[in-house]
Amino acid sequence: MDVEALLAPLVEAEGFELYDVTRGRDGGRKVLRVTVERPGGIDIDTLSRLSERVSRHLDEVGYETGPYDLQVSSPGLERPLRRPEHFRRTVGQQVQVKTTTPMAGSRTHTGTLRAADDEGITLEVDGDERRLPHAAIASARTVVDWSAELKGSNA
């Protein structure tokens, strides 16, 4: 069952964008993680209401016959980047990318994302540009300058 196709219309009708859907296990239990976002952010009460709607919808369509945990959340400030569209939206921001094999002498690359397309990304690291194909990326996430964020909250 294509859970993303199943949930996207519901999530969008509620005014959100479906950022990601993953299935996994946690402590032996099946877990369905639904990540949504919305310009301006999402508060916990809104996420709670959306979680109830998603749960009800999944029950109505018979998504899973056995027990599972449903987790509905926002991607957060240090968000994972898994799809080409996630990278495209993040151009200009600081990111940390881990590659499956060493590239330019390292598996970890932290810098400014300069470009992204369907084949890969271009990352500026210490003034040098590195082209990393998506197939070589093990994981990636945005990096937040927490001291700048904290200074901004006191302004």
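Which residue takes a positive phi in the hairpin of β1 and β2? In this predicted model, where residues are numbered from 1 along each chain as its sequence is written, local features need pLDDT of at least 70 and side-chain atom pairs count only at pLDDT 80 or more, while totals for chains, interfaces and linings use all residues. Side-chain values use heavy atoms, with hydrogens and water left out. The residue in question is Gly27, whose phi is near 60° in a hairpin that has two residues between the strands. Helices (H or I, at least four residues) and strands (E, at least two) are DSSP runs, numbered from the N terminus, and two strands pair if DSSP finds at least two bridges between them. On these terms β1 and β2 pair in the antiparallel sense over nine bridges, and the bridge partner of Glu17 in β2 is Glu37.

At its start, a side-chain oxygen of Asp2 reaches to within 3.2 Å of the backbone nitrogen of Glu4, and just after the helix Gly15 takes a positive phi of about 95°. An α-helix has 3.6 residues a turn, so residues three or four places apart point the same way.

A nonpolar core is a set of buried Ala, Val, Leu, Ile, Met, Phe, Trp, Tyr and Cys residues joined through side-chain atoms within 4.5 Å. The largest such core has 20 residues, of which Leu7, Leu18, Leu32, Val34, Val36 and Leu58 touch the most other members. Two or more residues come from each of α1, β1, β2 and α2, and α1 gives the most, with six residues. Contact means heavy atoms within 4.5 Å; leaving aside neighbours within four places in sequence, Val34 is in contact with Leu7, Leu18, Asp20, Leu70, Gln71, Val72 and Ser73. A second, separate core of 13 residues includes Tyr19, Phe87, Ile121 and Ala140.

Strand β8 (residues 137-142) contains Thr142, which is buried, with a relative accessible area of 2%. A polar contact is a pair of N or O atoms within 3.5 Å; within protein, one must be able to donate a hydrogen and the other to accept it, and residues adjacent in sequence count only if both atoms are side-chain atoms. Polar side-chain atoms of Thr142 lie 2.7 Å from the backbone oxygen of Leu77 and 2.9 Å from the backbone nitrogen of Arg79.

Ala104, in the loop between β4 (94-103) and β5 (106-116), has a phi of about 55° and counts as exposed at 62% relative accessibility. Asp126, in the loop between β6 (120-125) and β7 (128-133), has a phi near 50° and is exposed, with a relative accessible area of 78%.

Technical notes:
Buried < 20%, exposed > 50% of the residue type's maximum accessible area, 1.4 Å probe, protein only.
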